Amino acid sequence: MKQPYPFHIDKRDAKGAKDEMSVQVAFRNKMRMKYPHIMLVGIPNAGKRTAWEARQRSKEGLVKGFPDMLAIYDGCTAGLEFKSGTGQISDAQIDTLNRLVRMQIPVGVFRSAESAIEWLKGNWPHAFEVGQ
């Protein structure tokens, strides 16, 4: 079966994490312990906002649907979006992730820390050979 998106997306899993924050925190913790040379930058763009707050964030450069985190290493950047086991990606996220793919930035949607790390290793094998 052909993947419906031009980016990686983990299959939904009702037995998976109940919230996306726990997936993101687990990923950050594992990466910091094993691969501290890869820079991780959280993008705090989640949550409900008033109309005023939305306008303010837009003025500051917030992009709707931007991934939760960027991984940066040796001139490479990748975008990671985290979801709960049953969470869905929004239309804005699909549009933004597709735009990043067109810019040749690897992006993916993950429901576990392990799948995010394996995907990153597949995209950046050189980054995981450092210090091994």
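Figure 1. A salt bridge here is a side-chain nitrogen of Lys or Arg within 4 Å of a carboxyl oxygen of Asp or Glu. Lys 121 and Glu 118 meet this rule, with their closest N and O atoms 3.7 Å apart. The model is predicted, so local features need pLDDT of at least 70 and side-chain atom pairs count only at pLDDT 80 or more, while totals for chains, interfaces and linings use all residues. Residues are numbered from 1 along each chain as its sequence is written, and side-chain values use heavy atoms, with hydrogens and water left out. Both Lys 121 and Glu 118 sit in helix α4, three residues apart, about one turn of the helix. Helices (H or I, at least four residues) and strands (E, at least two) are DSSP runs, numbered from the N terminus. An α-helix has 3.6 residues a turn, so residues three or four places apart point the same way. Lys 121 is partly exposed, at 27% relative accessibility; buried means under 20% relative accessible area, exposed over 50%, and partly exposed in between (1.4 Å probe, protein chains only).

**Figure 2. The salt-bridge network around Lys 83.** Take a look at how salt bridges with shared partners join Glu 20, Glu 81 and Lys 83 into one network. The closest N and O atoms are 3.8 Å apart for Glu 20 and Lys 83, and 3.6 Å apart for Lys 83 and Glu 81. Glu 20 belongs to helix α1 and Lys 83 to the loop between β4 and α3, so this pair ties together parts that are 63 residues apart in sequence. Glu 20 is partly exposed, with a relative accessible area of 26%, whereas Lys 83 is buried at 8%. Glu 81 is buried as well. In total, the structure holds four salt bridges.

Figure 3. Five strands form an open sheet in the order β1-β5-β4-β3-β2, with mixed pairing; two strands pair if DSSP finds at least two bridges between them. The edges are β1 (8–9) and β2 (39–42), each with a single partner strand, so one side of each is left without a neighbour in the sheet. Strands β4 (residues 76–82) and β5 (residues 107–110) pair in the parallel sense over four bridges. To find your way along this pairing, look for Leu 80, which stands opposite Gly 108 in β5.

Figure 4. Contact means heavy atoms within 4.5 Å.

**Figure 5. Helix α3 and its buried residues.** Helix α3 (residues 91–102) has 12 residues and reaches 17 Å from its first C-alpha to its last, close to the 16 Å expected at 1.5 Å a residue. That expected span is 1.5 Å times one less than the number of residues. The buried residues of α3 are Gln 93, Ile 94, Thr 96, Leu 97, Asn 98 and Leu 100, and what covers them includes β4 and β5. After α3 comes Gln 104, whose phi is positive, near 65 degrees.

**Figure 6. Aromatic pairs, stacked and tilted.** Rings of Phe, Tyr and Trp (its six-membered ring) pair if their centres lie within 6.5 Å; planes under 30 degrees apart count as stacked, over 60 as edge-to-face and the rest as tilted. By this rule there are five aromatic pairs. Tyr 5 and Phe 7 are stacked, at 5.1 Å centre to centre with 15 degrees between the planes. Tyr 5 is partly exposed at 26% relative accessibility, while Phe 7 is buried at 3%. The rings of Phe 110 and Trp 119 have centres 5.1 Å apart and planes at 55 degrees, so this pair is tilted. Phe 110 is buried, with a relative accessible area of 0%, and Trp 119 is buried at 12%. Ring pairs also link Phe 27, Phe 82, Phe 110 and Trp 119 into a cluster.
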